[in-house]
Amino acid sequence: MKYMYTYDFMESVRNTNQWLGASARAFAAYPAMAMTANPLVEWLGAWGEVTERSFERMVAKPDWGIPSISSNDDHRDHLVTVETIVSRPFGDLIHFKVHNRKPKKRRVLLVAPMSGHYATLLRKTVISLLPDCEVYITDWHNARDIPVSEGKFDVEDYTLYLVDFMKQLGSDIHVIAVCQPAPLTLAATAYLAELDPAAQPRSLTLIGGPIDPEANHTEVTDFGRSVTMGQLEQTMIQRVGMKYRGVGRKVYPGLLQLTSFISMNAATHAKAFQDQIFRVAKGEASDHDKHNVFYDEYLAVMDMTAEFYLSTVERVFKGREIAQNEFTVNGHTIDIGKITTVAVKTVEGEKDDISAPGQCKAALDLLTGLPEEKKAWHVEPGAGHYGIFAGGSWRNNIRPLVLNFIDANSEPAARPKPSVVAV
C-alpha cells in the first residue's frame, strides 16, 4: 500500500464519483427531461445532487463560519475573525477575535483532535464558548499539503507543539483537550510542570480521551490490540500522490480513515443518505438542512502523517506509555506526578463507544502529586462521544460545569520553584 499509485487511485475513485453525481444532476436538469412525468428522472437528479456534494466535501477544508456572536455585556452582535497567533508547518495556534468587545477574563485553549477531521469539528464548541471566553484553538494542517522537506511529525512533536502553544499564551490560560489529544495534553502539562513551572496552565479539562485505553474496551481499542504494527503499516500507510504539495510523504489518508468511520455504522449512514435523496427528490431538502450541516463536516477528512498515526497506536494504545507514566519526549521521561498546582477535570459520556467511561478518568490516578481538591470528574448520563463536546449534553450540562471549574481555578496558584541543581 505504501505507493503513490494507491493514493492516486483512491483520489481517482473519489473524483469519478463526484463527476458521476454532477453528470446525473445535469442530465436530469435538461428541459427535455420535463416533457414526461417520470419520477425516475427526479430520483436520478436527487441522487446526483447528494452524490456530487458528498464526494466534493471529502477534499474541502470546512470554513469556521462564525460571522458574529452576541455579547451578554452590551447586548450587541460582534463580528468574529480568525487570527493566527503562532504559525508552524504542521499546525497553527489561532484566536477567534471578537471585535469591539473588551477581552474576556476567561482565556481558553481548545486542543483539537488530529484524528481524521479538521479542527472545525469543534465549531459548535467554539461558538458556545465565545460569548464568555477568549477562545484559542490548535488548527492542525492536512499532511498531504506539507512538503516532505518539513520533516516528520509524531506524538512527541505533537506534545512539543502543545508545550510551545501554552508558553505563548501564558500561565493564565485554561486548557480543554477533546478526545484524541487528551493524553498528549496531559503529558505536555507534566512536561511544563517539571521543566518550566511558570508556564503551566491554571486548569486542564480532558474530555473523552483515551488516557488508559485498557480501562474500558471499545471497538477502537480492540482493533488496536488485534493488529500488529507491521500490518498497520502495510495496510494503512500510503504516499501522497502527485496532485498535492506533500507529494511522497507517508500518510494515513483521510479517505481511508473515512472508510473506517463509515464502516463502524454503515447501516445508519446508508439510511441517512437514502432518506436525503428522497427529500431532495420531493423538494424538502435545503442547502443547510440537518443532513448537510452534519455531513459537510463529517465527510471533510484530512491526512495524518504516518509517524503520528503509527506512534499513537504503538505508544498510547498498545504500549500504554501515558497510562503507565512512562512517556518520553526527546529522551526525557515525563512524570505526570509532577503536576501539583494545575486543577484537572475529566469528562466522559456514559454511552461513548469511542472512548468509553473510565479511559479518561484514569488520568486522575496518575496525578499523585495533585491534591484531591484539585481533581474533578463528570460522567454525562446517556451521552455519546460527540454529545460531550458539541451536542445538547455539552450545551446544557457540561459547558456550565466546565466554566464553573475554570472560574474556581482562575486565581494564580502557588507555583513550585524550579529545582536548583548543584554543579
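Predicted model: local features only at pLDDT ≥ 70, side-chain atom pairs only at ≥ 80, totals over all residues.
Q: Why is strand E4 said to be largely enclosed by the rest of the structure?
A: Buried means under 20% relative accessible area. Five of the five residues of E4 (residues 107-111) are buried, so the strand is largely enclosed.

Q: Which residues of E4 point one way, and which the other?
A: Arg107, Leu109 and Val111 take one side, while Val108 and Leu110 take the other, and all of them are buried.

Q: What makes E4 and E5 a pair?
A: Pairing needs at least two bridges, and four join E4 to E5 (residues 134-140), with the strands running parallel. In this pairing Val108 stands opposite Val135. Between the two strands the chain passes through helix H3 (residues 123-129), and the β-α-β crossover is right-handed.

Q: How do you know that E4 also pairs with E6?
A: Same test: at least two bridges are needed, and four link E4 to E6 (residues 174-178), again in parallel. Here Leu109 is the residue opposite Val175.

Q: Why is helix H11 called mostly covered?
A: The cut-off for buried is under 20% relative accessible area, and ten of the 13 residues of H11 (residues 306-318) are buried. Among them are Phe308, Tyr309, Leu310, Val313 and Phe317.

Q: What makes up the lining of the largest cavity, by class?
A: Seven nonpolar, one polar and three charged residues. Tyr counts as nonpolar and Gly as polar, and the lining includes Tyr7, Tyr244 and Gly254. Glu11, Arg144 and Asp303 are also in the lining, and Glu, Arg and Asp count as charged. The space inside is about 70 Å³, and the structure holds four cavities of 30 Å³ or more. Helices H1 (4-28) and H8 (254-264) are the elements that give two or more residues to the lining of the largest one.

Q: Why does Arg320 count as partly exposed?
A: Partly exposed lies between the under 20% of buried and the over 50% of exposed. Arg320 has 22% relative accessibility, so it counts as partly exposed. It sits in the loop between H11 and strand E11 (328-329), and its phi is positive, near 50 degrees, in a residue other than glycine.

Q: What makes Asn325 partly exposed?
A: Its relative accessibility is 25%, so Asn325 falls in that class too. Asn325 is in the loop between H11 and E11, with a positive phi of about 55 degrees although it is not a glycine.

How values were computed
Residues numbered from 1 in each chain as written. Heavy atoms only, no water. Buried < 20%, exposed > 50% of the residue type's maximum accessible area, 1.4 Å probe, protein only. Right-handed = clockwise from strand over helix to strand, strands pointing away. 1 Å grid on protein atoms, 1.4 Å probe; cavity = no way out; pocket = protein on both sides within 12 Å on 5 of 7 lines; lining within 4 Å. Points joined across faces, edges and corners; volume = space filled by probe spheres on them.
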